[in-house]
Amino acid sequence: MNANRVTKTLVRAMLAAGMAASLAVTLQGCVLAVAGAAGGGALMATDRRTLGAQTEDREIQVKAYSQISSDLPDGSHVDVTVFNRRVLLTGEVPDDRSKQLAEAIVKAINNVDAVINELAVAPKSDFTDRANDSYLVARVKTA
């Protein structure tokens, strides 16, 4: 009876993983989000920052993504990384005005101590390049 229960649990877990993977593939860009969410819990447990600092950094990141995506032109791709209220902007923007606007948006968010603007004035990178970058970032973080 115990082996039957283990088998049922394994089947359910595989079905859930398969459904999550097919949904993520259907939504394309969500593949990285699903992988990030899975690893996020483990990273949170090993992070040197307090839970309050992690929460504050995440809040800054969410606000920055939201405001940047609504205020910058469609040809922009901006990544926001926050650690101890210091914000790193990376990615591509179509012109210098957009680069300065992104920095101004982030500086206006509460509790931001510093902004490091490494945005490149260049065409938007494609999905494959960004996926490769995310993979490398994940490998570095786990190391």
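Of the 143 residues of this protein, 21% count as buried. The model on screen is predicted.

**Whole chain**

The protein has five helices and three strands. Followed along the sequence, these elements come in the pattern α-α-α-β-β-α-β-α.

**Helix α3**

Select residues 51-71, which make up helix α3. Gln-54 is part of this helix. Is Gln-54 buried or exposed? Its relative accessibility is 9%, so Gln-54 counts as buried, the cut-off being under 20%. Now show the side chain of Gln-54 together with the backbone of Arg-49. The side chain of Gln-54 reaches the backbone oxygen of Arg-49 at 3.0 Å.

Stay in helix α3 and select Ile-60. The relative accessible area of Ile-60 is 3%, so this residue is buried. Ile-60 and Asn-111 are 51 residues apart along the chain, yet their C-alpha atoms are separated by 7.7 Å.

**Salt bridges**

How many salt bridges does a search of the whole structure find? The search finds six. Some of them are visited here.

Select Asp-57 and Arg-49 and show their side chains. These two residues form a salt bridge, and their closest N and O atoms are 2.3 Å apart. Asp-57 and Arg-49 are both buried.

Next, select Arg-85 and Glu-56. Their side chains meet in a salt bridge, with 3.6 Å from N to O. Arg-85 sits in the loop between β1 (77-83) and β2 (86-93), while Glu-56 belongs to helix α3, so this pair ties together parts that are 29 residues apart in sequence. Arg-85 has a relative accessibility of 30% and therefore counts as partly exposed. Glu-56, at 25% relative accessibility, also counts as partly exposed.

Asp-113 has a relative accessible area of 51%, so Asp-113 is exposed, the cut-off being over 50%.

Salt bridges that share partners join Asp-47, Arg-49 and Asp-57 into one network.

**A charged patch**

Hide the others and look at Asp-79, which is found in strand β1. With a relative accessible area of 31%, Asp-79 is partly exposed.

Technical notes:
Residues are numbered from 1 along each chain as its sequence is written. This is a predicted model: local features need pLDDT of at least 70, side-chain atom pairs count only at pLDDT 80 or more; totals for chains, interfaces and linings use all residues. Side-chain values use heavy atoms; hydrogens and water are left out. Helices (H or I, at least four residues) and strands (E, at least two) are DSSP runs, numbered from the N terminus. Buried means under 20% relative accessible area, exposed over 50%, partly exposed in between (1.4 Å probe, protein chains only). A polar contact is a pair of N or O atoms within 3.5 Å; within protein, one must be able to donate a hydrogen and the other to accept it, and residues adjacent in sequence count only if both atoms are side-chain atoms. A salt bridge is a side-chain nitrogen of Lys or Arg within 4 Å of a carboxyl oxygen of Asp or Glu.
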